[in-house]
Amino acid sequence: MALDVLFTLAISSDRETTTLTDATVYGGANPARNTLRVFMSLQKMDVDSVGTVVALTASPNDPETVTSWSWTTQPDGWLKFYYVAIPAYGVGTTYAIYDAVYDSATDLVYRSLSNGNLGNALSNVTFWEPISDPAALANNEGEANESLNITSLIYQRVLTFNSQYEYAVLIGGNCACTDCDDDEIIPPYNLFSLLLNGAIKADQWSEFVKGEQICRTIQSKFFAC
Amino acid sequence: MLVPTEATVIYQSELKLIDVAYEISLNRSMRKPEVRKLIRQGTNIFLWLQAYQAASFLTREEREKIWVCLLDIADVNNFAVAPVLGQTNQPSVFVGQANNITNNVVYDAGVPFINGNVDTGTETVDSFILTVAYGAVWHYTVRKPGNQRSGIVQASWTSDGANVVWQHDSTNDIGDTSPVTIVVDYSAGLIRFRAVALSDDWIVEGNRYLIYAPGSGVSAGSGDGGDIDGGTA
């Protein structure tokens, strides 16, 4: 299923909430939006590449119409999004093993257990298994159990907006200081600039582990307790 | 193999900046001599890259001063990928005759790309971050059994992606490749080279050459809910 997926990111003015918006252009040459069910999950990754699930609030809270997902802003660093767009089950379609579909009556997702799967009801456990976490199917891309009939994407970023905010606070505070010793404030300014730009470049060049490590150091050294 | 051009020096310097920042981050104490040395190196790389952001206003000589410094401070020549140096014919000296010296310069082979299964619809064949370049040239081939054409696409864009212009030239078809057209656009921080297909099973592949513009960055997230991208502090 050819589908070009696009996202945009935004943060609330109080920096409490971050939102990922689905900017994909559906319809036309792409499948229509109402023919798909879209699922998303998010993990905050650490320097050992271990993820912690972050709760998402979908808006609208319906995989048929969802356009954005929000979460409580996480500490800066590596975020990993799992996105899948799953087509509807068709009784006249022959499914291969691991193909995934949604039940248009319930929006539940099922995965085929065999090749040549034609005309078998989704309730038939010989041919279909329910999938409780559809977004996790994105993990199978490139693997033997990949669901070839869906669109899946693992979208990764190193976000640094908390660091950028704290950097601005540091600079603003020093600008207002009339009796500060420049020899004391310039070295941390340089180090903060260096680390922050290293993290920004890590995001641009997809160096996620390094970006996460750099963000951890920025937080430990420059954020107020 | 990389030629040590201005573009590759800037690219490798940015990667070096990431590595240096990462190495610094692994240390708890910023006072150790080896860490302070890394901080000095990283700060210098960062400052030179910052200076290079004004490249469009600098003369060629002024830009060369910057990236020659980066060659040194970013240890670009110590990268595992060796630069390909131009080949120089040994000069022939003939008494009483002119001496001809010819340098054969080996150009960058470009970045290869391929989408081996373009089906009906619009699919991205190649993409890269908007801010790494001012423009690009793609040499491409569209093919499937019995049908083939090759072409060149040139594109240029503003640093915010609001204005993307491109043009296209190609050979005549072998068979019929009319179901596939090429477009270049900008979306979500990426310049995209895309194939629009009216039928299935096409292969679109080639090499991409960037007109490099490093370090311009993208606006940092604002306090009123604006989009977030990487920025330069």
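Author: The lining of the second largest pocket has five nonpolar, two polar and four charged residues (Ala, Val, Leu, Ile, Met, Phe, Trp, Tyr, Cys and Pro count as nonpolar, Asp, Glu, Lys and Arg as charged, and the others, Gly among them, as polar). This is a predicted model, where local features need pLDDT of at least 70, side-chain atom pairs need pLDDT 80 or more, and totals for chains, interfaces and linings use all residues. Residues are numbered from 1 along each chain as its sequence is written, chains are lettered from A and ligands numbered from 1 in the order written, and side-chain values use heavy atoms, without hydrogens and water.

Reader: Which helix of chain A, together with H2 of chain B, supplies at least two residues of that lining?

Author: Helix H2 (182–204) of chain A does; helices are DSSP runs of H or I with at least four residues, strands are E runs of at least two, and both are numbered from the N terminus.

Reader: How do H2(B) and H3(B) lie to each other?

Author: Angles over 145 degrees count as roughly antiparallel. The axes of H2 (residues 33–52) and H3 (residues 60–73) of chain B come within 10 Å and cross at roughly 160 degrees, so H2(B) and H3(B) are roughly antiparallel.

Reader: What should I look for in the backbone?

Author: Most residues other than glycine have a negative phi, and most peptide bonds are trans. Here the peptide bond from A:Ser59 to A:Pro60 is cis, with omega near -15 degrees. A:Tyr98, not a glycine, has a positive phi of about 75 degrees. A:Tyr98 sits in the loop between strands S8 (94–95) and S9 (100–102) of chain A.

Methods:
Axes fitted to C-alpha atoms, helices over the stretch in contact; angles between N-to-C directions. Parallel < 35°, antiparallel > 145°, perpendicular 65-115°, else oblique.
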